[in-house]
Amino acid sequence: MIKEFIQGLLITLKYLGPGHTTTVQYPRKGHRLQPSDRFRGLHRLVPDHDREKCVACYLCPTVCPAKCITVESAENEKGEKYPKVYKIDLLRCIFCGYCVEACPVEAIEMTGDYELANYHRDDFTFDKKRLVR
Amino acid sequence: MVNLTIDGKEITVSKTATIYEAAKEAGIDIPVLCYAKKLLPYGACRVCLVEVEQMKGRLIPSCTTPVTEGMVVTTMSDEIQKVRKTVLEFLLVNHVIDCPVCDKGGECDLQDLTYEYEVVTNRFEGEKFDLPTDEVNPLIERNMNRCVLCGKCVRVCDEIVGYGSYSFINRGFETKIATAFDRGLNCEFCGQCVSMCPVGAILPRPFKFKARPWQIKEVDSVCSYCGNGCTITMGVKDNKVQTIRFNDKIGVNDGNLCIRGRFGYSYANSDDRLTTPLIKKDGELVEASWDEALEAVAEGFKKAAADKGVGIISGARLTNEELFLLKNVAKAIGTENLDHSGGECYKGVTEGLVETLGVKASTGTFPQVEDADVILSIRSDFYETHPVFGMVVNQAVKRNEAQLFIVADKKGKFGKLPNAETLLHKPALEVNVLNAMAQALIEDGSAVTDGVDGLDELKKSLADYAPEKVAAATGVPAEQIKAAAKALAGANKSAILLAYGLPYTAQSKEIAVAAANLAILSGNVDKEGSNLYLCGEKANSQGAIDLGVIPAGSGQGAQQMLDAAAAGSLSALYVVGEDMVTSYPDREKVEKALDGAGFVVAQDLFLSPTAQKADVVLPAASFAEKDGTFTNAERRIQRVHPGITSPGEAKTDYAIFELLANKLGAGLSYTGPAAVFAALANEVDAYKGVEFNAIGAQGVVWGGEELKAATKKVVPVKGAAAVDGKFVLLTGSALYHSGTVSTHAKGPVAVVPEAYVEFGSEDATVLQVADGDMIKIKANGAEVQLKAKVDKRLPQGVVFAPYHFAEAGLNKLYKGEAAIAVEVSK
Ligand code: SF4
Ligand code: SF4
Ligand code: SF4
Ligand code: SF4
Ligand code: SF4
Ligand code: FES
């Protein structure tokens with residue numbers, strides 16, 4: 001009984017030692033967290049050859065409960081449907097991931113990017129330029 | 001009536017109903033793909049299968065099976081579910097699943113059913129269609145990879161439109177819908193096939209990738225083009241009319257539209273719209289504020305009224321309320337010179353009808369035409385001026401086997417219908433032919449003469465119009481005249497159709513009288529369900545007549561005003577919603593009048609050639625921005641609803657009239673269109689008792705479904721003499737345009753971008769004219785140049801040019817004649 005108790009305590013103590021701690025000194029340089037694959041951070045529009053994969057189907061703006069996605073579809077030179085405008089207002093986004101779930105062509109993902117603080121309201125509007133990565 | 005049980009519910013329906021229709025009436029949903037209310041049952045898709053106890057052992061298509069007494073129907077069971085799912089699986093074998101980029105997504109019947117029946121996998125495998133898309137024309141996009149072969153497009157274009165663009169070709173898996181020789185679509189572009197297609201195989205191109213159906217706000221209104229008064233449902237997003245949505249639930253048109261209604265909406269969104277008032281300073285129109293502009297207008301009118309007077313000429317696309325306010329503005333200015341649609345086309349027609357029948361409007365409504373067994377259409381252009389009424393005629397002829405006679409100077413689409421006969425006469429001789437028909441009835445004693453006034457004089461005058469004699473002059477065989485007259489008199493229910501408009505100003509009174517004479521003598525006036533239809537060119541032509549937007553007392557009509565202004569004896573002209581320089585007969589006279597009047601105010605959407613000559617231009621609003629009522633050609637008062645706001649500082653005519661009246665010190669103030677309507681209903685007898693807010697989806701027909709003729713008086717009327725000349729020019733309306741507004745709308749312009757002169761193929765061969773050649777046409781001391789177009793409609797020696805286009809200057813030649821002798825050269 002006491003043996004097991006000590007064993008358990010040792011494990012705890014081990015994690016107090018250097019090299020084992022899970023607490024990081026954030027935001028000290030070099031200390032980046034590696035969130036899990038399922039973490040829902042900043043969106044990314046998946047590129048596809050010379051354009052974005054998104055076909056401007058309007059499902060994500062429709063499903064979005066925070067109404068923070070703006071899509072404007074248009075026809076490109078090849079006659080394809082593409083998002084002339086694609087914008088996410090991160091100040092409204094609740095990171096629910098519904099957009100990702102709704103997308104029929106897997107054109108939108110959520111990355112592990114969590115450093116989203118900024119100084120100006122406008123900086124929270126993520127347009128195509130910032131989203132296609 | 002038949003009694004049956006559907007899903008345990010006992011119901012009674014008419015014995016012509018199908019199981020599907022019976023279920024629908026009982027509120028039970030059966031899925032369908034190839035069924036459409038207005039088309040004949042077809043039974044192609046098999047998703048509507050149901051079980052009928054009396055026909056055990058197999059499933060029955062509910063859309064084609066008529067109900068029988070005591071039938072017991074089950075609309076859903078495990079087996080039905082399974083079979084429907086299989087049908088869908090089959091459809092999806094070759095179907096490219098394009099939903100994300102398919103504009104039908106969100107309102108696609110196939111998509112909805114696939115979802116409802118949870119078709120998530122497919123037991124069958126096959127190659128996906130890979131057919132080329134048809135995007136040659138600018139209005140309708142066809143992608144046959146998404147087609148489910150329901151045949152609705154084929155059927156609507158044939159059954160309703162009577163055009164017949166499509167047919168099924170090939171067999172088995174190769175089956176597809178194709179146009180003749182599988183070329184790109186080139187047709188009337190009415191868009192009926194677009195609205196019928198249950199999937200995304202036929203789509204409106206101007207709306208391509210614009211929005212999803214659920215993002216669109218639907219606003220029901222009335223088409224602003226012709227007097228048919230079709231309901232159009234605007235699809236509005238971002239304060240723009242993005243498209244016209246299919247709507248067969250309300251209105252008079254059963255969801256049918258013509259190219260103008262379906263694709264002609266875009267003038268409301270045009271960048272060329274006027275957005276601020278303009279005032280002429282040093283010969284230039286410069287932007288001004290409303291206050292400045294209205295001040296200038298009020299000042300100018302006051303001065304002119306004190307001098308030689310003001311003339312007001314209005315278009316017929318203003319709402320009833322606006323026309324009423326305009327009358328009040330006229331009163332405030334102190335002028336009786338008030339008129340609409342010059343050339344006096346409407347004036348002659350109404351005078352003629354009043355003299356004979358004592359009415360100023362159609363006596364019946366559209367649905368009655370569908371039941372008619374004989375129809376007489378005066379002028380083949382009727383289909384061109386009122387296409388959707390034309391579709392009603394198509395159905396009467398094709399479905400109900402009505403006999404159709406067309407008195408016309410050219411062969412038209414009507415003439416191609418089965419059971420149709422064209423009484424093809426030399427230009428300008430309509431009255432002669434109508435007189436000969438009347439004479440034929442009198443000769444063979446079948447004329448109705450009971451209670452008819454003026455018979456003796458008529459008989460005397462008709463002696464000159466024996467069918468044989470008229471045959472020699474007009475080129476219509478005497479036998480044909482007699483046969484047509486006989487058929488008309490022998491009909492149980494007949495319909496006589498007469499259209500009028502700016503390009504048909506000559507002999508309008510004569511034609512109306514001759515038509516009314518014939519209506520009286522053939523018994524059309526007396527028989528129930530038989531009617532005479534008077535169809536105005538513009539959306540509210542009938543309203544303008546009802547409200548009396550005509551010269552009162554000693555006031556001058558449009559032509560007199562123009563003459564007076566040209567002669568310097570009228571000091572000001574107020575032109576509202578009409579581009580007279582382009583559309584009135586005799587451009588020279590109109591221009592002289594605009595130059596001669598010291599002060600001209602134009603109120604319009606665009607800086608038209610007329611507006612360019614004005615001293616003050618007031619930017620007005622399109623129908624899409626207005627609230628009010630239009631009265632259509634069957635006397636139906638219908639509500640117009642605003643879908644968007646006006647661009648810039650443009651205001652509705654309603655608002656402008658109110659402001660102007662106040663500037664003139666008349667203190668015109670109403671709480672809104674409803675109040676104005678109440679005021680006008682007080683003054684106009686026919687509108688008494690109609691309540692603005694009670695005007696429902698079907699409108700209100702003033703005078704009732706059938707308007708009784710007040711008098712039955714036949715009046716002698718003289719025919720015309722044939723026009724001499726190697727070539728005779730006719731002007732008129734082209735199917736794709738209406739008035740001048742449609743030349744600002746992308747859809748109609750995409751199909752017919754500019755004026756043309758049409759030749760019959762015989763003349764074209766002789767003259768060696770081909771499509772696109774530049775042709776010089778000389779007459780009345782003027783010459784115009786137009787592109788040639790060759791078709792098969794015109795008899796030898798007759799050429800035709802539409803009147804809609806400003807640049808063409810057709811009215812330099814056309815001075816109001818029925819037909820013009822012209823010189824034609826390359
Ligand atoms: S759901 Fe996907 S394809 Fe559709 S608009 Fe959003 S990102 Fe684009
Ligand atoms: S037709 Fe219907 S099912 Fe086919 S791609 Fe378009 S929306 Fe999807
Ligand atoms: S647009 Fe009208 S005329 Fe043309 S194919 Fe379709 S239904 Fe026929
Ligand atoms: S194109 Fe459309 S309407 Fe025509 S058969 Fe195919 S699915 Fe039916
Ligand atoms: S122009 Fe006339 S026929 Fe065509 S849609 Fe409009 S109201 Fe109907
Ligand atoms: S809807 Fe009945 S067979 Fe198509």
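## What "buried" means here

A residue counts as buried if 20 or more other C-beta atoms lie within 10 Å of its own. Keep that cut-off in mind as we visit one residue of this predicted model.

## Tyr500 in chain B

Let's start with where this residue sits. Tyr500(B) lies in the loop that runs between strand β20 (494-499) and helix α17 (508-521) of chain B. Is Tyr500(B) buried or exposed? Tyr500(B) has 26 other C-beta atoms within 10 Å, so this residue is buried.

Who are the neighbours? Leaving aside residues up to four places away in sequence, Tyr500(B) touches Cys345(B), Tyr346(B), Val349(B), Ser508(B), Gly536(B) and Glu537(B). Take Gly536(B) from that list: along the chain, Gly536(B) and Tyr500(B) are 36 residues apart, yet 5.4 Å separates their C-alpha atoms.

## Chain A as a whole

Now let's turn to chain A. How many helices and strands are there in chain A? The chain has 4 helices and 7 strands, and reading along the sequence gives the pattern α-β-β-β-α-β-β-α-β-β-α. Chain A is more spread out than a compact globule, because its radius of gyration is 21 Å, well over the 14 Å that the globule rule gives for 133 residues.

Along the principal axes, the C-alpha atoms of chain A fill a box of roughly 75 × 35 × 30 Å. Of the 133 residues in chain A, 18% count as buried. Contacts tell us about the chain too: among those in chain A between residues at least 6 apart in sequence, 69% join residues at least 24 apart.

Notes:
Residues are numbered from 1 along each chain as its sequence is written. Chains are lettered from A and ligands numbered from 1 in the order in which they are written. This is a predicted model: local features need pLDDT of at least 70, side-chain atom pairs count only at pLDDT 80 or more; totals for chains, interfaces and linings use all residues. Helices (H or I, at least four residues) and strands (E, at least two) are DSSP runs, numbered from the N terminus. A residue is buried if 20 or more other C-beta atoms lie within 10 Å of its own, exposed if 12 or fewer, and partly exposed in between; C-beta atoms are placed from the backbone. Two residues are in contact if their C-beta atoms, placed from the backbone, lie within 7 Å. The radius of gyration is taken over C-alpha atoms; the globule rule is 2.2 Å times the number of residues to the power 0.38.
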